[in-house]
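These are my notebook entries on a single chain model. I record what I looked up, entry by entry.

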Amino acid sequence: MLDNIQEFEEIVNTVIEIAKVNGSDIAATLLANGKVTIEQTDFDNWNGGTYGYTVYVVVDIDLYAKIQSKIHEIERDLVAKFNLPTRHLIGESINSVMLIPSASKAVKSTPNPHRPFSEAEAKRRTLLVNYLNSVSEDDLIEFVLLPLFRQLGFHRITSAGHKDKAMEYGKDIWMKFTLPTQHILYFGIQAKKSKIDSAGASKANIAEIYNQLTMMLGHEIFDPEIGKRVLVDHAFIVAGGEITKAARNWLGGKLDASKRSQVMFLDREDILNLYVVNNLPLPEKAIIPKTSIIDDLPF
């Protein structure tokens, strides 16, 4: 049974759910985001033959470095969890789990932002919601979007800031992404802290964003790494609130077919889900400080 890939994947999914129920967020994250394989590593002729297996979990080297001091403890915990859904098997057992660091992005599975969240993840999400309710546009860019896009694999992320609006040319951030073929795509971001709507009284009106978007796609940026001026390939419209369907439809009607394919939306729900599944640290101001409780009076 353990040699069957489909059945082993079901076991892995079961172990992930067991880890979530037990509050083992680290174990669940490792299995959900790493490349999990199994291999027979032991055999005993006793009682008709007993097969022993080792589960290998290849994880990103940055995550491995954070948990390095607890590696053996986590591995033992994972063995115990794997033995729960496999305890009925006769002649087969999982004897060990090995966590293996890798700097290769090819072995790293893409986290699913639409999966159910654990209790701890739901709490982190709530804290980030409260932070987004009161955050300024500059803080949204600096403390939320920049760390998020770095974690997602973008690089050379440059924020125009709001001190010199004349130099923004419709974008708050520009960045680049290297494809596996080593081709480079350039991205511009127009960020708003609040809801983006098509209503005229809205603080972030889609008509204003349309003007900034047109400027962004038509203005060249200078990439110092190659010493050339390049055009933005794609544009993100990011909102700390909701991007309404009416706003999306209005913008789609204004843009021609070629430009529509260049535009992508990222609203509050997307930001929250991506932040949680990629296990990013919350902004410092989003964390509620723990207050110490004094049981006895000092006299």
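Predicted model: local features only at pLDDT ≥ 70, side-chain atom pairs only at ≥ 80, totals over all residues.

**Entry 1**

I began with a pair of facing residues: Ile38 stands opposite Val55 in β2. Residues are numbered from 1 along each chain as its sequence is written, and side-chain values use heavy atoms, with hydrogens and water left out.

I took helices (H or I, at least four residues) and strands (E, at least two) as DSSP runs, numbered from the N terminus. Two strands count as paired if DSSP finds at least two bridges between them. On that basis β1 and strand β2 (residues 50-60) are antiparallel partners, joined by nine bridges. Their sheet is open, has three strands in the order β1-β2-β3, and shows mixed pairing. I noted β1 (35-44) and β3 (92-102) as the edge strands; each has a single partner, so one side of each lacks a neighbour in the sheet. From one strand to the next the twist averages 25 degrees.

I then looked for a helix on this sheet. Helix α2 lies across β1, β2 and β3 and runs at about 90 degrees to β2. For such entries contact means heavy atoms within 4.5 Å; axes are lines fitted to C-alpha atoms, for helices over the stretch in contact, with angles from 0 to 180 degrees between N-to-C directions.

**Entry 2: the five-stranded sheet**

In which order do the five strands of the open sheet stand? I read β4-β5-β6-β11-β12, again with mixed pairing. β4 (155-159) and β12 (263-266) are at the edges with a single partner strand each, so one side of each is left without a neighbour in the sheet. Neighbouring strands here are turned by 20 degrees against each other on average, direction ignored.

Strand β11 (residues 234-239) runs parallel to β12, with four bridges between them. Phe236 faces Met264 of β12. I found helix α7 (residues 206-218) packed on the sheet, where α7 touches β6 (184-192), β11 and β12, and its direction makes about 155 degrees with that of β6. Helix α10 (residues 268-277) lies across β11 and β12, at about 70 degrees to β12.

**Entry 3: cavity and pocket**

I searched on a 1 Å grid over the protein atoms alone: a cavity is a set of points where a 1.4 Å probe fits but cannot get out, a pocket is an open set with protein on both sides within 12 Å along at least five of seven lines, and lining residues have an atom within 4 Å of a point. Grid points are joined across faces, edges and corners, and a volume is the space filled by probe spheres set on the points.

The whole structure holds one cavity of 30 Å³ or more. The largest cavity has a volume of about 40 Å³ and is lined by Lys20, Asp25, Ala28, Thr29, Ser118 and Glu121. Helix α2 (residues 25-33) gives the most to this lining, with three residues.

The second largest pocket has a volume of about 320 Å³. Of its 17 lining residues, those closest to its centre are Asp25, Ala120, Arg124, Asn279 and Leu280.

**Entry 4: a salt bridge and a loop residue**

I counted nine salt bridges in the whole structure (a side-chain nitrogen of Lys or Arg within 4 Å of a carboxyl oxygen of Asp or Glu). In one of them Lys81 is joined to Asp77, with the closest N and O atoms 2.7 Å apart. Lys81 and Asp77 are four residues apart in helix α4 (residues 71-83), so about one helical turn separates them.

Lastly I located Pro85 in the loop between α4 and β3. Its C-alpha atom is 9.7 Å from that of Glu10, 75 residues apart along the chain. Not counting residues up to four places away in sequence, Pro85 touches Ile11, Thr14, Val15 and Ile18.
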